[in-house]
Number of protein chains: 2
Amino acid sequence: MKFGGTSVADAEKIRAAARRAIRAQKQGRQVVMVVSAMGKETDRLVDLAKQISPAPSHREMDQLLSTGEQVTISLMAMALEEMGAPAISFTAGQIGMVTDDAHTKARLKSIAAEKIHKELDAGKIVIVAGFQGVTESGAITTLGRGGSNVTLVAVAAALKADLCENFTDVDGIFTTDPRIVPTARKLDTISYDEMLELASLGANVLHNRAVEFAKKYNVPLHVRNSNNNKKGTLIVHETESMERIVVRGAALKEGLARVTLNNVPDHPGVVARIFHQVAGKNVVVDDIIQTIAQNGEATVSFTVEIAELPECRQIVENLCGEMKCSARYEEHLAKVSVVGVGMRTHTGVAEKMFASLAAEKINIQNITTSEIKISCLIDRTQGKKALRVVHDAFNLGGKKTVKKKTAKKKAKKKANQ
Amino acid sequence: MKFGGTSVADAEKIRAAARRAIRAQKQGRQVVMVVSAMGKETDRLVDLAKQISPAPSHREMDQLLSTGEQVTISLMAMALEEMGAPAISFTAGQIGMVTDDAHTKARLKSIAAEKIHKELDAGKIVIVAGFQGVTESGAITTLGRGGSNVTLVAVAAALKADLCENFTDVDGIFTTDPRIVPTARKLDTISYDEMLELASLGANVLHNRAVEFAKKYNVPLHVRNSNNNKKGTLIVHETESMERIVVRGAALKEGLARVTLNNVPDHPGVVARIFHQVAGKNVVVDDIIQTIAQNGEATVSFTVEIAELPECRQIVENLCGEMKCSARYEEHLAKVSVVGVGMRTHTGVAEKMFASLAAEKINIQNITTSEIKISCLIDRTQGKKALRVVHDAFNLGGKKTVKKKTAKKKAKKKANQ
């Protein structure tokens, strides 16, 4: 069971999480809890660091931030013990949650599961600090954004857990962001691949690395709300019945910028050189589009998050100087996408998407596709509208759209009478 | 260099401590900093725990509290790096500061000094988390009250440091508490033994375990003020010249209670049994006085801190039931003491002390002595007055008392003219 920051934000919420773990244990399960830092604790620590240094070293930042989860694990153990349930808390170091030494975004290498098993077999509920790891030489690392979910899945995989529950403050995974599209519907199941696409396309519930891990180690992930007992969304391997749904969900990624390089010499290795330099600065490139070369010159464009544009611009300007090409920068872009494993076997999805956007006069500036998704780059000001249009076009809201149709049909019927 | 909680209470103080370390390094020294939790951070964590459980397990409490120092070490490293000084922070676990597993009051067993030496030799300032340790099996422990000073001395001893500076918010060790006796004077030097007596008699600057450690490993301890550059007080082995000062300091311990057992059977082992039971409940007994037995019965009395009286009372009542003796409890007591290695070779100290108290009508209820101290148990309401009287009687304030004498002499001279 993993409890995110909002689910352990204060003493009362910590007690609620403890009660949930005890209930599960009373149902005959062995329970491991993975917890995040309380509420805004990480923000508080980041603010402390900023008062000292605008760009603190990654090693010391990890040393600092890992205290957030350490506070929660000990409080959770106290809460369990106070309720009469034997418990023990572990930092990453204490259970050998070994990572590489890429501070602030470390990758897990191994977990000493036997220490956890021993305590579980002794009847204890084990609480593990999320988000953190330890290098072979004992330095504390953190796992980057969504790190606590990575911990959850990694621990579940190492223990060969039957069930892996991710408690958060929403009811599960939705067809799209309900704050933007009120008709968004909670999904009962979603495949790892669909979840991966949705997450990288802007859906904010689960970080990709956790889902990749879950897929790799075949861990079924149940995303649930810590404030109620509703069934959430089960993330599992794709089944045949899943393919009958053509589009599972839609996502919007705002705050994108596009960089276009014109007159790029059409020699082997030139494009590789561009992206090698960009990657070297840790700028994450979203989509890449290259036009067919004419007169020995090509046009290469790619999108990046707006926050990374200044750094990216510097690299591109240097390159343009060397290669004698010119660059253009466009901010204020957004990307709307639809995702579904059914696309593998169904046709007409792209046409339907483009037509629905065109009908609302939303101009498509770029199209990128994969086997199970279609993305359109559009103007940022039209982003939210586009998401609603696409969500409606594929009838993702379910009932509500059906009602509309029924109403239309009724109207037609009436007209025919 | 050790910086206590008030000396690292905020970003500005952390920077000030960092600057001091850099100055020392520029003077050609290798510098290790031991730091406490920031200001009221430990109180904040204790309060969090209390919201969860009135009596949390010691293991989890240590897991929780150790985060306080971990926050400070990382911020200190950031401050140093921001000023251009290479630095690295270490938790107790990271430098193998191994203790026994007596959580909340663990005892240090060993330190892996080579890891610190390696970083020092690489030109770094090393920051070590005070107050914490780690057991052989990797559980986090804390060293109890004054634990950061224990860390300081232990690290200094392990590294065979030339100098060990304890930065705090006072100028050094005083002849007595300046808040009670305004004429109290800062001492330039004091012996380990005198410091040990003063600390256990109520002086609050340094905890005994740190001083014991310093004495055992021959580490000269310099107690200084982090807010200025004044020379503080050097705590060292006793020298011959020190013996010329009969009384080095005076101390007051308030909030004492006395337990008196009457009609205790005068058999071997009875007294041992009483204190065995009391110690079993972790009640610290201050002084013990036993009268000579009459008619096969003795009177045993001892003092405890007032906070421990309820627990102590329970034990004593049970014992009295078994042994058919009666007990009396007196609260509102205080103990005034004078300390000095010169007492070993000088006589008349006790007389002078008793006479000075008697002259002010302060009734002495018990007297206890050691080779280098004399303590008188008195009524609590007279405690502060008694401290001033004794401090004056032994001319501990120095100059100020001299001035008074000079003034008197002048007055005499005038009268004679």
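Predicted model: local features only at pLDDT ≥ 70, side-chain atom pairs only at ≥ 80, totals over all residues.
Two residues are in contact here if their C-beta atoms, placed from the backbone, lie within 7 Å.

Helix H7 of chain A spans residues 208-216, and its buried residues are Arg209(A), Ala210(A), Val211(A), Phe213(A), Ala214(A) and Lys215(A). What lies over them? Just past the end of H7(A), look for Asn218(A), which adopts a positive phi of about 60 degrees.

Now turn to another helix pair in chain A. The axes of H1 (residues 11-26) and H3 (residues 58-82) come within 9 Å of each other and cross at roughly 60 degrees. An angle like this makes H1(A) oblique to H3(A), and the crossing is right-handed. On the H1(A) side, Ile14(A), Arg15(A), Ala17(A), Ala18(A), Ala21(A) and Ile22(A) take part, meeting Leu75(A), Met76(A), Ala79(A) and Leu80(A) of H3(A). Sorted by class, this contact has nine nonpolar residues, one charged and no polar.

Finally, step back to see both chains. Chain B superposes on chain A by a rotation of 180 degrees with 0.0 Å of shift along the axis, at an RMSD of 0.1 Å. The two copies are therefore related as by a two-fold rotation axis. In chain B, the C-alpha nearest that axis belongs to Thr67(B), at 2.6 Å. As for how the chains meet, 100% of the interface residues of chain B are also interface residues in chain A, so the copies use the same surface.

Terms used:
Residues numbered from 1 in each chain as written. Chains lettered and ligands numbered in written order. Buried ≥ 20, exposed ≤ 12 C-beta atoms within 10 Å, placed from the backbone. Helix = DSSP H or I, 4+ residues; strand = E, 2+ residues; numbered from the N terminus. Least-squares fit on C-alpha atoms with pLDDT ≥ 70 in both. Axes fitted to C-alpha atoms, helices over the stretch in contact; angles between N-to-C directions. Parallel < 35°, antiparallel > 145°, perpendicular 65-115°, else oblique. Left-handed = near helix turned anticlockwise from the far one by under 90°. Nonpolar A, V, L, I, M, F, W, Y, C, P; charged D, E, K, R; others polar.
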